[in-house]
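Hi,

Here is the structure I promised to pass on.

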Amino acid sequence: MQAVTIHGYGGPDVLRVQEVTKPRVQPNEVLVQVKASGVTTADALMRQGTPRFARLFLGLRKPKHTITGTGFAGVVVDAGAEVTKFKVGDEVFGETSVRFGANAEFVAVADNGVILKKPSFLDYASASLMCDGPLTSMNFLQYLGEVQPGQRVLINGASGSLGTAAVQLAKQMGAQVTGVCSSKNVELVLSLGADEVIDYTKTDFTRGAATYDVIYDTVGKSSFGACKRVLTQKGKYLSPVISIGLLFQMLGTSFVGSKKALFDATGLKKPEILKEMLRKLLMYIQEKKLDVVIDRQFPLEQAVDAHAYVESGHKRGNVVLAMGA
Ligand SMILES: NC(=O)c1ccc[n+]([C@@H]2O[C@H](COP(=O)([O-])OP(=O)(O)OC[C@H]3O[C@@H](n4cnc5c(N)ncnc54)[C@H](OP(=O)(O)O)[C@@H]3O)[C@@H](O)[C@H]2O)c1
């Protein structure tokens, strides 16, 4: 089968699209013929091997897993003897998490992992991206931020993968939403339901008069220190972008002060918890309260170009490898 492979850390050109052996299912696994697979900013960081401490689990000298990608959507074409939840022909989606391997024509997935049946109202491309922006932002806003109706929520990086989902989800949670993006993305962010938009090329939200109950800095371009002044008394600064500074701020604010800095690694949560959140997200999609914003689709052979585009830091929503969907 064709797959996107990686044998060393570096820029997009360390990737190769090449013929590799098709996976064989273990008794508890299904084999999925992949129709679409996400290329995310997290994938680009893992390809670079950054932050460096992430190499402790990615592989010290080179990546332990040689096929890239985590988010997938496709059709079950084989099932191990112990599989009870899925059968050949089922349309499914999910993520492989730290096992990677999703940027390929076929991927083997444990039937008790993060894999769900794909409803017909969700296309393959959107389904393959559910575990990036939508799932992460649901985790951050609902569980970490505990967003309540009427609260003021600011989404920094509102035009990215996490940000476009976050704007829509915060609105569903009844919040008053401020999105921060550049001039070219103002219309997009307003169309997703933001009540107000701040153009970061003209205004620094950390210096404004408004205060927020939750600041969700999806792109990690700010910091708890910079945002503290514009957080309400019990305000929370959430960021999915890990750094040593954020870890210290989390530790410090867990002991001192009423304003908190918070981080979580969504993909490392138990599959049952993630699947419960995905079911809720599916409900929002069915009710047309949530849309997965897709910027560009690339064929598998152009995975290097897809990574280069993601790495530019200026994608609008999501990027996906489409494989005959
Ligand atoms: N912890 C977790 O569970 C978890 C899970 C998934 C992802 N992540 C991490 O979350 C981060 C965000 O991922 P993502 O895919 O959502 O990001 P992204 O889509 O790559 O972000 C790109 C967007 O950010 C905007 N942007 C760039 N600079 C900005 C600034 N200074 N202020 C405001 N917006 C700015 C860009 O708009 P312009 O073009 O207008 O600049 C672009 O639309 C990544 O670091 C990823 O690794 C963490």
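Below is what the cavity search turned up.

This is a predicted model, so local features need pLDDT of at least 70 and side-chain atom pairs count only at pLDDT 80 or more, while totals for chains, interfaces and linings use all residues. Residues are numbered from 1 along each chain as its sequence is written, and side-chain values use heavy atoms, with hydrogens and water left out.

Searching the whole structure gives two cavities of 30 Å³ or more. A cavity here is a set of points, on a 1 Å grid over the protein atoms alone, where a 1.4 Å probe fits but cannot get out; lining residues have an atom within 4 Å of a point. Points are joined across faces, edges and corners, and a volume is the space filled by probe spheres set on them.

The largest cavity comes to about 130 Å³. Its lining has 13 residues, with Ile6, Met46, His65, Thr68 and Phe100 nearest the centre. Helix α1 (residues 41–48) contributes the most, three residues; helices are DSSP runs of H or I, at least four residues, numbered from the N terminus.

The second largest cavity has a volume of about 30 Å³. Among the residues lining it are Pro134, Ser161, Asp291 and Asn318, and helix α5 (residues 161–172) gives the most, with three. Why does it lie between domain 1 and domain 2? Because domain 1 (2–130 + 292–322) and domain 2 (133–267) both give residues to its lining; the bounds come from an automatic or database domain assignment.

Best wishes

Terms used
On a 1 Å grid over the protein atoms alone, a cavity is a set of points where a 1.4 Å probe fits but cannot get out, and a pocket is an open set with protein on both sides within 12 Å along at least five of seven lines; lining residues have an atom within 4 Å of a point. Helices (H or I, at least four residues) and strands (E, at least two) are DSSP runs, numbered from the N terminus.
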